Amino acid sequence: MDIFIQQIINGLVLGSMYALIALGYTMVYGVLNLINFAHGDILMVGAMVGLSLLKVVQQVAPGLPGIVQLVIAIVGAIPVCIVVSLLIERIAYRPLRNAPRLAPLITAIGVSILLQTLAMMIWGRSPLPFPQVMPSDPVHIAGALISPTQIMLLALAVLAMVGLVLIVEKTKMGRAMRATAEKPRIAGLMGVDANKVIVVTFAIGAGLAAIAGVMWAANYSTAQFAMGFVPGLKAFSAAVLGGIGNIYGAMLGGILLGLIESLGAGYIGDLTGNFLGSNYQDIFAFIVLIIVLTLRPSGIMGERVADRA
């Protein structure tokens with residue numbers, strides 16, 4: 001039971017990060033019907049910028065509490081990620097809005113490679129250690145352990161997701177985003193500025209990715225130029241699993257994927273007679289994804305966005 005609870009905690013931590021990244025995918029898809037495969041690299045930019053800021057903070061004010069240092073790193077990484085994301089939208093995606101769908105997809109892959117290359121030139125090839133600024137003593141919960149960094153990560157993820165729901169459901173911009181996602185042409189006739197909605201959508205997604213990037217690096221104590229590829233791919237899978245185009249589906253898909261992956265890592269050895277180790281944990285996540293999409297192609301919560309020409 002202790003192992004089970006520990007894997008549940010690990011799954012929630014991992015799933016909350018997947019959910020934050022998946023929200024960026026699903027929001028952009030909902031508004032633009034575009035899969036932004038460069039989104040995972042926005043997470044990488046957030047982690048690398050946060051690491052650089054953290055080093056500066058430790059040199060300038062070494063006596064600051066660890067949680068304050070992490071908050072400064074996150075707050076500093078968010079605007080950088082937003083600027084990078086908006087530049088990508090303006091330069092790479094906006095000219096291709098009316099192009100065949102394959103063109104922006106290929107462009108997104110190219111932008112991803114470009115971001116990784118630039119990051120490699122700026123920060124180098126080797127993985128960089130992320131300083132452990134939070135206390136190392138874990139908190140005991142029913143025989144399981146959770147670190148202060150993971151507690152902060154969960155708290156930030158919950159606050160970010162609740163804040164996003166309030167923005168989408170309760171604000172004028174949120175109504176404009178939902179209207180654009182539902183019927184873009186009719187929304188335009190009603191006075192909704194599509195360009196403004198798209199810019200805000202990219203900005204929100206980039207901000208969430210920045211939070212996930214810094215906390216990912218803090219949780220695993222490392223950051224590197226290619227770190228966004230695998231989390232981005234899994235987060236996209238989580239968005240599809242939950243129902244891409246649906247923010248609640250992205251949250252649910254991220255949490256489920258994290259739990260499946262964590263439980264798979266904990267029990268894959270027993271289930272396969274020690275034939276497979278914990279490094280094969282991705283098998284469970286993608287098997288479940290394939291099964292769900294076979295039985296329900298639109299994902300668990302379905303897709304609210306109509307297919308557009």
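**View 1. Lys234 in helix 9.** In this predicted model, Lys234 sits in helix 9, which covers residues 229-242. Lys234 has a relative accessible area of 8%. That is under 20%, the cut-off for a buried residue, so Lys234 counts as buried. Set aside its neighbours within four places in sequence, and Lys234 is in contact with Tyr18, Leu257, Glu261, Asp282 and Phe286. Leu20 is 214 residues away from Lys234 along the chain, yet 12 Å separates their C-alpha atoms.

**View 2. Helix 1 along its length.** Helix 1 runs over residues 2-32 and has 31 residues. From its first C-alpha to its last, helix 1 reaches 45 Å. This is close to the 45 Å expected at 1.5 Å a residue. Helix 1 is mostly covered, with 23 of its 31 residues buried.

View 3. Most residues other than glycine have a negative phi. Asn33 is not a glycine, but its phi is positive, about 60 degrees. Asn33 has a relative accessible area of 13%, so Asn33 is buried.

**View 4. The largest nonpolar core.** This core has 82 residues. Which of them touch the most other members? They are Leu20, Leu23, Ile42, Leu70, Ile88, Tyr93 and Phe130. Helix 8 gives the largest share of this core, 15 residues.

**View 5. The surroundings of Phe130.** Phe130 is among the core residues that touch the most other members. Its contacts here leave aside neighbours within four places in sequence. Phe130 is in contact with Ala47, Gly50, Leu51, Leu54 and Leu70, among others. Its contacts also include Val214, Ala217, Ala218, Ser221 and Thr222.

**View 6. Helix 5 against helix 8.** Helix 5 spans residues 148-170. The axes of helix 5 and helix 8 come within 10 Å and cross at roughly 170 degrees. Therefore helix 5 is roughly antiparallel to helix 8. On the helix 5 side, the meeting residues are Thr149, Gln150, Met152, Leu153, Leu156, Ala160, Leu164 and Ile167. On the helix 8 side, they are Ile204, Leu208, Ile211, Met215, Ala218 and Asn219. This contact has 11 nonpolar residues, three polar and no charged.

**View 7. Helix 6 against helix 8.** Helix 6 covers residues 172-182, and helix 8 covers residues 194-220. Their axes come within 10 Å and cross at roughly 105 degrees. So helix 6 is roughly perpendicular to helix 8. Helix 6 makes the contact with Met173, Ala176, Met177 and Thr180. Helix 8 makes it with Lys196, Val197, Val200, Thr201 and Ile204. By class, the contact has six nonpolar, two polar and one charged residues.

View 8. Ser221 lies in the loop between helix 8 and strand 4, which spans 222-223. Ser221 is not a glycine, yet its phi is positive, near 60 degrees. Is Ser221 buried or partly exposed? Ser221 has a relative accessible area of 36%, so Ser221 is partly exposed. Ser221 is also one of the contacts of Phe130.

How values were computed. Residues numbered from 1 in each chain as written. Predicted model: local features only at pLDDT ≥ 70, side-chain atom pairs only at ≥ 80, totals over all residues. Heavy atoms only, no water. Axes fitted to C-alpha atoms, helices over the stretch in contact; angles between N-to-C directions. Helix = DSSP H or I, 4+ residues; strand = E, 2+ residues; numbered from the N terminus. Parallel < 35°, antiparallel > 145°, perpendicular 65-115°, else oblique. Contact = heavy atoms within 4.5 Å. Nonpolar A, V, L, I, M, F, W, Y, C, P; charged D, E, K, R; others polar. Expected span 1.5 Å × (residues − 1). Buried < 20%, exposed > 50% of the residue type's maximum accessible area, 1.4 Å probe, protein only. Core = buried A, V, L, I, M, F, W, Y, C linked by side-chain atoms within 4.5 Å.
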